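Subject: Structure handover

Hi,

Here is the structure I promised to pass on. Please open it alongside this email, and I will walk you through what turned up.

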Amino acid sequence: MSESDRKSVLVTGASRGIGREIALRFAKAGYDAAIVYSSDASKDKADEVASLISSCGSKALALKCDVSKSDEVNAMVASVLDAFGKIDVLVNNAGITRDGLLMRMTDQQIDAVLDANLKGVLYVIRACLPAMMKARSGRIVNLSSIVGLHGNPGQANYSASKAGIIGVTKSIAKEVASRNILVNAVAPGAIDTDMFASLGDKIREAIVGTIPLGRPGTAAEVAEAVLFLAGQTYITGQVIQVDGGMGI
Ligand SMILES: NC(=O)c1ccc[n+]([C@@H]2O[C@H](COP(=O)([O-])OP(=O)(O)OC[C@H]3O[C@@H](n4cnc5c(N)ncnc54)[C@H](OP(=O)(O)O)[C@@H]3O)[C@@H](O)[C@H]2O)c1
C-alpha cells in the first residue's frame with residue numbers, strides 16, 4: 001500500500017477502555033491511528049496503546065488534549081494532520097461521568113460532563129471538518145450511550161450530554177452529507193470498563209439483571225460496531241445500540 005492509500009483514524013479518549021479497543025481494532029484493520037488522552041496520569045497507558053498500534057505495522061501518535069478546551073483541540077487536530085496528512089475517520093469517544101441526583105448536583109458536576117462529553121464532540125468535529133470537506137470524504141462516529149436514549153436516575157448531566165450527542169450526530173450528518181462525510185453514533189449499554197467498574201458491585205449486578213443477553217458487553221464488541229460504521233457508504237445519522245438488548 002502506498003503512503004497516500006493509507007487510512008487514518010483519530011480516536012479521543014483512547015488511553016483505556018472502549019477507546020483503546022477502538023484504536024487497536026482500527027490498527028489491526030490497517031489504519032494509522034492518533035489517540036488522545038487528557039491527564040498526565042494516562043500518559044504511560046497511552047504510550048503503551050501507541051506501541052501496540054505500531055506493532056500492527058501502523059503509524060501511531062499519542063497526544064495529550066483536553067477535548068473540552070477548543071484551543072487544545074485545534075492544536076491537537078493540526079498535529080494529527082501534520083503527521084498523517086488527513087483524517088479519514090474521527091471517533092469521538094472521550095467521556096466522563098460525575099453522577100448524582102440533580103437536586104444535589106453541583107455546577108461543577110454539570111459543567112464538567114457537558115464540557116467534556118458534548119462541547120468536546122462539537123469542538124473536535126469542528127476542527128476536523130475542513131480537512132474532511134476538502135477531501136470530500138470522511139466518517140465520524142460518536143459515542144453516545146443507552147442513557148442518552150432512555151435516561152437514568154443519578155445521571156441527568158451524563159444523559160443530557162449523551163442525548164445531545166445524538167442531536168449533534170443527526171445535525172452534522174445533514175450538514176455534510178453532500179461532501180460524502182457520514183456521521184453516526186454508537187450507543188453502548190453496560191460495557192465492562194473502568195467506567196462500569198466504578199459503579200460498585202450492587203449497582204453493577206442490578207444493571208446486568210436488566211440485560212437480556214445476561215452480561216455486560218466488551219469494549220471489543222463496541223469497537224466492531226465503530227469499525228463497521230466507518231466502512232459504510234449509505235448509512236448516516238443513525239444510532240446503533242450495542243447493549244445486549246438492554247434498550248429493547
Ligand atoms: N463503559 C460503559 O459502560 C459505557 C456505556 C455507554 C457509553 N460509554 C461511553 O463510551 C466512551 C468510553 O467509555 P469508557 O468506559 O471506555 O471510559 P473510560 O474507561 O473512563 O475512559 C475514558 C477515556 O476518555 C478520556 N478522557 C476523559 N475526559 C477527557 C477529556 N476531557 N479530553 C480527552 N480525553 C478525555 C480518558 O483519558 P484521561 O483519563 O487521560 O482523561 C480515557 O482515555 C465514553 O464516551 C462513555 O461515555 C461507556
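A word on naming before anything else: helices (H or I, at least four residues) and strands (E, at least two) are DSSP runs, numbered from the N terminus. Please also keep in mind that this is a predicted model.

Is G17 buried or exposed? G17 is buried, because 20 other C-beta atoms lie within 10 Å, and 20 or more is what the buried class asks for. Leaving out residues up to four places away in sequence, G17 touches T193, D194, M195 and A219. For a sense of distance, the C-alpha atoms of G17 and E72 are 55 residues apart along the chain and separated by 22 Å.

Between S15 and S39, 24 residues apart along the chain, the C-alpha separation is 9.7 Å.

In soluble globular proteins, nonpolar side chains tend to be buried together. Here the largest nonpolar core has 73 residues, and V11, A23, A33, I35, V36 and C128 have the most contacts inside it. Helix α4 gives the most to this core, with 12 residues.

V11 is in strand β1 (residues 8-12) and counts as buried because it has 32 C-beta neighbours inside 10 Å. Setting aside residues within four places in sequence, V11 is in contact with G19, I22, A23, A33, I35, V36, V91 and N93. V11 and A34 are 23 residues apart in sequence, yet their C-alpha atoms are 6.3 Å apart in space. I35, for its part, touches V11, A14, A23, A46, V49, A50 and A62, again not counting residues up to four places away in sequence.

On to helix packing. Two packed helices are described by the angle between their axes and the distance between the axes. For α3 (residues 70-84) and α4, the axes come within 9 Å and cross at roughly 35°, and the crossing is right-handed. Which residues of α3 and α4 meet? From α3 they are S70, V73, N74, V77 and L81, and from α4 they are Y123, V124, A127, C128 and A131. By class, this contact divides into eight nonpolar, two polar and no charged residues.

A225 is partly exposed, because 19 other C-beta atoms lie within 10 Å, and the buried class needs 20 or more. Apart from neighbours within four places in sequence, A225 is in contact with V186, I240 and V242. The C-alpha atoms of A225 and V113, 112 residues apart along the chain, are separated by 24 Å.

Finally, some backbone geometry to check by eye. Most residues other than glycine have a negative phi, and most peptide bonds are trans. R136, although not a glycine, has a positive phi of about 50°. R136 is in the loop between α4 and β5 (138-143) and counts as exposed because it has 10 C-beta neighbours inside 10 Å. N180 also has a positive phi, near 60°. This residue lies in the loop between α6 (156-176) and β6 (181-188), and N180 counts as partly exposed because it has 15 C-beta neighbours inside 10 Å.

Happy browsing, and best wishes

Methods. Residues numbered from 1 in each chain as written. Predicted model: local features only at pLDDT ≥ 70, side-chain atom pairs only at ≥ 80, totals over all residues. Core = buried A, V, L, I, M, F, W, Y, C linked by C-beta atoms within 7 Å. Buried ≥ 20, exposed ≤ 12 C-beta atoms within 10 Å, placed from the backbone. Contact = placed C-beta atoms within 7 Å. Axes fitted to C-alpha atoms, helices over the stretch in contact; angles between N-to-C directions. Left-handed = near helix turned anticlockwise from the far one by under 90°. Nonpolar A, V, L, I, M, F, W, Y, C, P; charged D, E, K, R; others polar.
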